[in-house]
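Let's take a friendly walk through this structure, from its inside to its surface. Please keep the 3D view open as you read.

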Amino acid sequence: MGGADPSVIRVGDLYVSAKSVDGGVAVRSATTLEGIATAPKRQVWRDTGGLGEVWAPEIVHLDGRYRIYFGAGIGAAHRMYHISSSSPDTGYSAATKVSLPGDKWAIDGVPFTFNGHRWFVWSGWAGDTNVEQNLYIARMSSPTAATGGRYVISQPREPWERVVGNPYINEAPQPVVDPSGRLHVAYSANGSWSSKYCIADLRLRAGGDPTYVWDWYKSNGCLFGSYAPSMMAGWDATLNVDGPGHHTFVLPRGDVTAGPPSGNRFPTMYHAVAKGTPYSWSNRYWYTGTAVWWGSTTYRRGNVPGPTTDTGFSLKFFE
């Protein structure tokens, strides 16, 4: 299926996806991941209010309702919005703006629950101009409102995530909890317009505070990508696709704590361009893949507060 930015969850026997199409959001449901490609496209929301470009809808099942979060706007006006329904493919509400601290440019947002608290993580600008895209986190008081401040958890400052830029980019955060109970945010780095687009990982230290940037440890390179010089040592570049990124962990109801036990492969979807095809946004397709928790992996850092190494689970991705 052509397109970018897949989002898929499993609800009972169904895989439910959300996709930006035709000036709005469409949902497809199928009994297999591959079946999504041929499932009926049901438009559940259209931009009748002139919000602008609709990017990267993210579907979850939260508080008994299907909820789709998406970025919409033109230029610097992009903000996060939310629609919800009791049914996966019909009856969605009007779009409500998600109230985030600072009210700055925001895309790729997704809610999750960790340690009994509700959180929201997204990609955004520090100010009102596109200098770089950072990852931010905030506590949520409801599905559409944050409480307290926004906290940066990652900036594209490592050499391997500055291979392509201007602006340099951290985006498409995907939270998931590993078998030891530690929170990860896997994300995409480098420009999505380049075959050097890739997926990397943030791992929260054991007992860490999600709002404190130095409690997060970053993988020492891409964990899933096609550009070998940017890959973390021990991780191989892809064989069949270029520029894999903006993935989704296919989790029950989108629940980040519902991950598999160590060693088990679990499904993912991501967008990429087939090798041998010119890399362009119009040549991107959704691909099914798998991931596995990879134990005893050390992430290293320097010149920052706190310990310089942290060992725990990482992720290996398979085409």
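## Nonpolar cores

Please bear in mind that this is a predicted model. Its largest nonpolar core has 55 residues. Within this core, the residues touching the most other members are Leu100, Phe112, Phe120, Ile153, Phe249, Leu315 and Phe317. A separate core of 17 residues lies apart from it, with Val16, Val27, Trp45 and Ile68 among its members.

Leaving aside residues up to four places away in sequence, Leu100 touches Met80, Ala106, Phe120, Trp122 and Ala146.

## Aromatic rings

The model contains 13 aromatic pairs.

Which residues do ring pairs link into a cluster? They are Phe224, Phe249, Phe266, Tyr270, Tyr287, Trp293, Phe313 and Phe317.

Arg67 sits in strand β6 (residues 65–73). What is the nearest side chain of opposite charge to Arg67? That side chain is Asp63, 4.3 Å away. A salt bridge needs the nitrogen and oxygen within 4 Å, and Arg67, although buried, has none. A polar atom of the Arg67 side chain does lie 3.0 Å from the backbone oxygen of Leu62. Not counting residues up to four places away in sequence, the neighbours that Arg67 touches are Glu58, Ile59, Val60, Leu62, His82, Ile83, Ser84 and Pro143.

Ala26 is part of strand β3 (residues 24–30). Is Ala26 buried or exposed? Its relative accessibility is 1%, so Ala26 counts as buried. With residues up to four places away in sequence left out, Ala26 touches Ser17, Ala18, Lys19, Val21, Lys41, Arg42, Gln43 and Val44. The C-alpha atoms of Ala26 and Arg46 are 8.9 Å apart in space, and these two residues are 20 apart in sequence.

## Salt bridges

How many salt bridges does the structure hold? There are twelve. One joins Asp103 to Arg79, with 3.0 Å between the closest N and O atoms. Asp103 is in the loop between β8 and β9, while Arg79 is in strand β7 (residues 79–85), so the pair ties together parts that are 24 residues apart in sequence. Asp103 is partly exposed at 38% relative accessibility, whereas Arg79 is buried with a relative accessible area of 14%. A network of salt bridges links Arg79, Lys97 and Asp103.

Lys104 and Asp128 form another salt bridge, at 3.2 Å from N to O. This pair links distant parts of the chain, 24 residues apart: Lys104 is in the loop between β8 and β9, and Asp128 is in the loop between β10 (117–124) and β11 (132–142). Lys104 is partly exposed, with a relative accessible area of 23%, and Asp128 is exposed at 55%. Turn next to Arg157 and Glu132, whose closest N and O atoms are 2.7 Å apart in a salt bridge. Arg157 lies in the loop between β12 and β13 and Glu132 in strand β11, so their pairing ties together parts that are 25 residues apart in sequence. Here Arg157 is partly exposed at 48%, while Glu132 is buried at 10%.

## Backbone features in loops

Most residues other than glycine have a negative phi, and most peptide bonds are trans. Against that background, a few places are worth a look. The phi of Asp103 is positive, near 50 degrees, and this residue lies in the loop between β8 (96–97) and β9 (106–114).

Asn166 also has a positive phi, near 60 degrees. It is placed in the loop between β12 and β13 and counts as exposed at 71% relative accessibility. The peptide bond from Asn166 to Pro167 is cis, with omega near 5 degrees. Pro167 is found in the loop between β12 (145–154) and β13 (168–177).

Note on methods: Residues numbered from 1 in each chain as written. Predicted model: local features only at pLDDT ≥ 70, side-chain atom pairs only at ≥ 80, totals over all residues. Heavy atoms only, no water. Core = buried A, V, L, I, M, F, W, Y, C linked by side-chain atoms within 4.5 Å. Buried < 20%, exposed > 50% of the residue type's maximum accessible area, 1.4 Å probe, protein only. Contact = heavy atoms within 4.5 Å. Helix = DSSP H or I, 4+ residues; strand = E, 2+ residues; numbered from the N terminus. Lys, Arg positive; Asp, Glu negative; His and termini not counted. Polar contact = N/O pair within 3.5 Å; in protein donor to acceptor, adjacent residues only side chain to side chain. Phe/Tyr/Trp six-rings, centres within 6.5 Å; stacked < 30°, edge-to-face > 60°.
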